[in-house]
Amino acid sequence: MTLTAPRPDSRIRDGRLDPEVIRRDFPILATESHGHPLVFLDSASTSQKPLAVIEAVDTYYREYNANVHRGIYEIGERSTAAYEAARSAVARFINAPDAHEVVFTRNATEAINLVAYAWGRKNINRGDAIVLTEMEHHANLVPWQLLAQERDGDLEFIPITDDGVLRQDVYDVLLRLKPKLVAFTHVSNTLGTINPVVEMTKMAHDAGALVLIDGAQAVPHVPVDVQAIGADFYAFSGHKMLGPTGSGALWARRELLEAMPPFMAGGDMIRDVHLRRSEWNDIPWKFEAGTPDIAAAIGLGVAADYLRELGMERVRDHEQELLTYALIELMREHPDLELYGRMDATIRCGVIPFNVPGVHPHDVAQVLDRSGVAVRAGHHCTMPLHERLELDATARASFNVYTTKADVDALVAGISEVKRIFG
Ligand SMILES: Cc1ncc(COP(=O)(O)O)c(C=O)c1O
């Protein structure tokens with residue numbers, strides 16, 4: 001089937017997103033799974049891609065596939081221009097003051113590792129504290145464990161309440177240790193909790209610490225303005241915000257990027273190379289060694305523009321409404337369902353971890369899958385968080401701009417089927 005994208009202005013009706021129209025941008029949502037229409041509720045893992053992104057990647061390979069920053073020929077110049085225009089689109093999306101402060105990476109994991117390696121190895125010394133939280137994705141935990149082991153640093157953790165909110169009182173106490181860095185997630189990938197990033201950043205700065213924010217689950221769902229947040233590093237993936245896999249970015253303040261040594265070394269990140277020494281390129285290219293994923297970066301730029309056109313305030317409103325609907329429906333139809341996180345859509349994104357009593361989440365996911373409903377089951381790369389909540393695993397449903405109330409209804413019906421099968 002050939003799909004044509006809907007008219008841009010039809011995606012918004014009465015100031016609100018119309019997910020039924022938006023869905024027509026996503027070819028995969030017209031497909032079937034196990035003979036049922038696909039109900040994709042695993043967007044926190046990776047989002048689906050709109051036609052505009054798919055076509056941008058396709059056009060790059062069909063019409064101007066050439067390396068960037070090298071070819072003195074027409075398609076090479078076109079490819080470089082598109083790659084750098086994508087950087088500007090990403091910078092606009094997060095309101096970065098300067099596109100040169102945006103480094104393209106493969107994903108959020110690489111962006112965080114870049115900081116742990118390049119900034120961390122230069123700045124963390126014996127006894128220096130790094131403050132993290134109990135709700136971090138492994139991507140914002142394990143790189144700091146490696147760094148602390150190597151540099152003899154200390155890791156401290158802001159605990160969470162039983163309903164998955166950071167204990168600000170303990171954070172205040174931890175800041176008295178004068179940490180060098182505070183690194184925390186903007187939005188929890190497991191609980192959906194939206195952390196108060198502006199306040200927490202200010203508190204860290206007042207205590208003399210730098211701040212890294214893991215924005216992987218924030219950029220697809222809430223407006224992000226890195227200048228208003230005031231943090232020092234902001235890392236995110238492109239593939240969760242409608243962009244291609246292999247795309248992501250690190251935003252950091254210019255002075256920090258300029259002072260940091262390179263992360264990886266090789267072509268493109270140098271200005272001048274001699275047999276025994278080299279000089280580095282300007283930022284951001286100093287941190288982009290080797291041939292980048294050019295098509296993915298171009299696709300990410302298109303995804304950022306697509307979301308900007310929808311309006312991130314509207315995206316947030318849509319997901320808040322859907323989350324409220326889902327929590328109410330799930331609690332009404334399945335009062336015995338175990339739900340985690342705070343039942344408050346004003347500080348939560350569209351992420352619902354749950355357990356059906358007596359049924360392993362993998363079995364839950366498998367039964368749902370048979371009716372075309374895709375959810376994730378496991379620890380969602382947050383093993384310490386599951387340990388804190390005394391859980392082995394959870395099933396998780398997560399939303400995006402194309403998620404509808406009908407998708408939620410399919411989840412609710414699928415859980416009834418799980419209960420029927422498992423008695
Ligand atoms: C909060 C958070 N941080 C980091 C990551 C890592 O993202 P990626 O696998 O794209 O590097 C994820 C992915 O699920 C995430 O949810």
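This is a predicted model: local features need pLDDT of at least 70, side-chain atom pairs count only at pLDDT 80 or more; totals for chains, interfaces and linings use all residues.
Seven strands make up an open sheet with mixed pairing, and their order is β6-β12-β11-β10-β9-β7-β8. The edges are β6 (102-105) and β8 (154-158), each of which pairs on one side only. On average, neighbouring strands here are turned by 20° against each other, direction ignored.

Inside this sheet, β7 (residues 129-133) and β9 (residues 181-185) run parallel and are joined by two bridges. You can find Ile130 opposite Leu181 of β9. Another helix, α5 (residues 142-151), packs on the sheet and touches β7, β8 and β9. The direction of α5 makes about 145° with that of β8.

## The ligand's surroundings

Which residues are closest to the ligand? They are Asn107, Thr109, Asn189, Ala216 and Ser237, out of 13 residues that surround the ligand.

Where the two meet, domain 1 contributes 29 residues and domain 2 contributes 31 residues.

On the side of domain 1 that touches domain 2, at least two residues each come from α11 (312-333), β16 (351-355) and α13 (383-388). The largest share, five residues, belongs to α11. This side of domain 1 divides into 14 nonpolar, seven polar and eight charged residues.

## A strand enclosed on both faces

Is strand β19 (residues 394-398) largely enclosed or open? Five of its five residues are buried, so β19 is largely enclosed by the rest of the structure. In a regular strand, side chains alternate between the two faces of the sheet. In β19, Thr394, Arg396 and Ser398 are on one side and Ala395 and Ala397 on the other, and all are buried, so both faces are covered.

Strand β19 also has pairing partners to explore. With β16, the pairing is antiparallel over four bridges, and Ile352 stands opposite Ala397 of β19. Strand β18 (residues 376-378) pairs with β19 in the antiparallel sense too, over three bridges. There, Gly378 has Thr394 of β19 as its bridge partner.

Notes:
Residues are numbered from 1 along each chain as its sequence is written. Two strands pair if DSSP finds at least two bridges between them. Axes are lines fitted to C-alpha atoms, for helices over the stretch in contact, and angles run from 0 to 180 degrees between N-to-C directions. Two residues are in contact if their C-beta atoms, placed from the backbone, lie within 7 Å. A residue is near a molecule or strand if its C-beta atom, placed from the backbone, lies within 6 Å of it. Ala, Val, Leu, Ile, Met, Phe, Trp, Tyr, Cys and Pro count as nonpolar, Asp, Glu, Lys and Arg as charged, and the others, Gly among them, as polar. A residue is buried if 20 or more other C-beta atoms lie within 10 Å of its own, exposed if 12 or fewer, and partly exposed in between; C-beta atoms are placed from the backbone.
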